[in-house]
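Subject: Structure for you to look at

Hello,

Here is the structure I said I would pass on. Please open it and keep it in view while you read the notes below.

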Amino acid sequence: MPALGILLSFGALLSWIIGDFFIQRSTRKIGNWETLFFIGIVGFIGILPFVYKKLPALFTNQDQLVFLTILSIITLVAALFLFEGLKRGKLAVIEPVYGLELPFTIGFSYILGKEHFPLAVYVIIIVVFVGILLAATQRFHHLRFYKTIFEKGVVWAAIGSVGMGLMNYLWGVGSQTISPLITIWFVHSFLAISCLLYITFVRNGARNLLEHFRHGLSSVIPASIFDNLAWIHYGYAMTLIPISIATTISESYIAGLVFIGVIINREKIAHHQLLGIVFVVVGTGIISWWFG
């Protein structure tokens, strides 16, 4: 079963590679709230047939409802910060900041979830994290705090990464104690409803949603499908392997984006980026072998 958890983590990795690419395009075409609404509504409709029989029990369990509501609020806030970072900033600068999501998730899993591993495992996780930063950083000055902090979108992305770290841990808890599909369905339904209320009553723009959908069709649909697929893979992976390990593997999608750019688009990368990809591949390979 751990081997299946590793495989599902790689499924999340591949889905996020595709999903994040289209999310960036969608947020720039139609906006953050609209993109999040369509991601949520696809999750609500697509997952409902698989969970509707279990919903009566869910809505009579106050503890589970409170937990999922808190998780949904954290997810909404974190996603909006991350989307705003993508919308405002340069991808080359923002992607390394997203890598902070990994150590925050590990930290929450260690402190709150009591996930403890041998020292060697933490060393490998650090190697993967360093590899992600190197692979995602086109120029070293992007890693210099006193310069990067003033780049557009960085503060938004950094705050979002903290929220994502907590969110990843809570998603794992929800998947393990309730159900991966119910957790995903509830959170994405909450996102869809929240975004629709905001768009309707704050922006008075509900009538424009169909127009936004048509305008961003080529990016909204793949973004929504692959983001939901990523969370489904990730949720099930965390029921089979520790949250920290599932996150370490799936978070490597950041380096995967760089690698795909080289293979498909014939992009040129710096030597340190290639070294970062090697770190990620070797590190995730060792972790997969260790826990598989």
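Two residues are said to be in contact, or to touch, when they have heavy atoms within 4.5 Å of each other. This is a predicted model, in which local features need pLDDT of at least 70 and side-chain atom pairs count only at pLDDT 80 or more, while totals for chains, interfaces and linings use all residues. Residues are numbered from 1 along each chain as its sequence is written, and side-chain values use heavy atoms, with hydrogens and water left out.

Overall picture

The protein has 15 helices and zero strands. Both are DSSP runs numbered from the N terminus: helices are H or I with at least four residues, and strands are E with at least two. Of the 292 residues, 52% count as buried. Buried means under 20% relative accessible area, exposed means over 50%, and partly exposed is in between (1.4 Å probe, protein chains only). Among contacts between residues at least 6 apart in sequence, 87% join residues at least 24 apart.

Ser-15 is in helix H1 (residues 2-30) and is buried, with a relative accessible area of 6%. Not counting residues up to four places away in sequence, Ser-15 touches Phe-226, Leu-229, Ala-230 and His-233.

Val-187 belongs to helix H10 and counts as buried, at 0% relative accessibility. Beyond four places in sequence, Val-187 touches Leu-71, Ser-72, Thr-75 and Trp-171. Val-187 and Ser-72 are 115 residues apart in sequence, yet 4.8 Å apart in space, C-alpha to C-alpha.

The core

A nonpolar core is a set of buried Ala, Val, Leu, Ile, Met, Phe, Trp, Tyr and Cys residues joined through side-chain atoms within 4.5 Å. The largest one has 78 residues, and Leu-36, Trp-171, Trp-231 and Ile-245 touch the most other members. Helix H10 (residues 180-202) gives the most to this core, with ten residues. Leaving aside neighbours within four places in sequence, Ile-245 is in contact with Ile-6, Phe-117, Val-121, Ile-125, Ile-287 and Phe-291.

Helix H6 and its surroundings

How do the axes of H6 and H13 cross? Helix H6 (residues 101-111) and helix H13 (residues 243-250) have axes that come within 9 Å and cross at roughly 175 degrees. H6 is therefore roughly antiparallel to H13, a label for angles over 145 degrees. Axes here are lines fitted to C-alpha atoms, for helices over the stretch in contact, and angles run from 0 to 180 degrees between N-to-C directions. H6 makes the contact through Leu-102, Thr-105, Ile-106 and Ser-109, and H13 through Ile-243, Ser-244, Thr-247 and Thr-248.

The buried residues of H6 are Glu-101, Leu-102, Thr-105, Ile-106 and Ser-109. They line one face of the helix, because they fall within an arc of 130 degrees seen down the axis of H6; the arc is that of the directions from the helix axis to the C-beta atoms.

Phe-108, also in H6, is partly exposed, with a relative accessible area of 22%. Apart from neighbours within four places in sequence, Phe-108 is in contact with Gly-113, Val-162, Gly-165, Leu-166 and Tyr-169.

Lys-114 lies in the loop between H6 and helix H7 (119-136). Lys-114 counts as exposed, at 58% relative accessibility, and has a positive phi of about 55 degrees although it is not a glycine.

Regards

Technical notes
Parallel < 35°, antiparallel > 145°, perpendicular 65-115°, else oblique.
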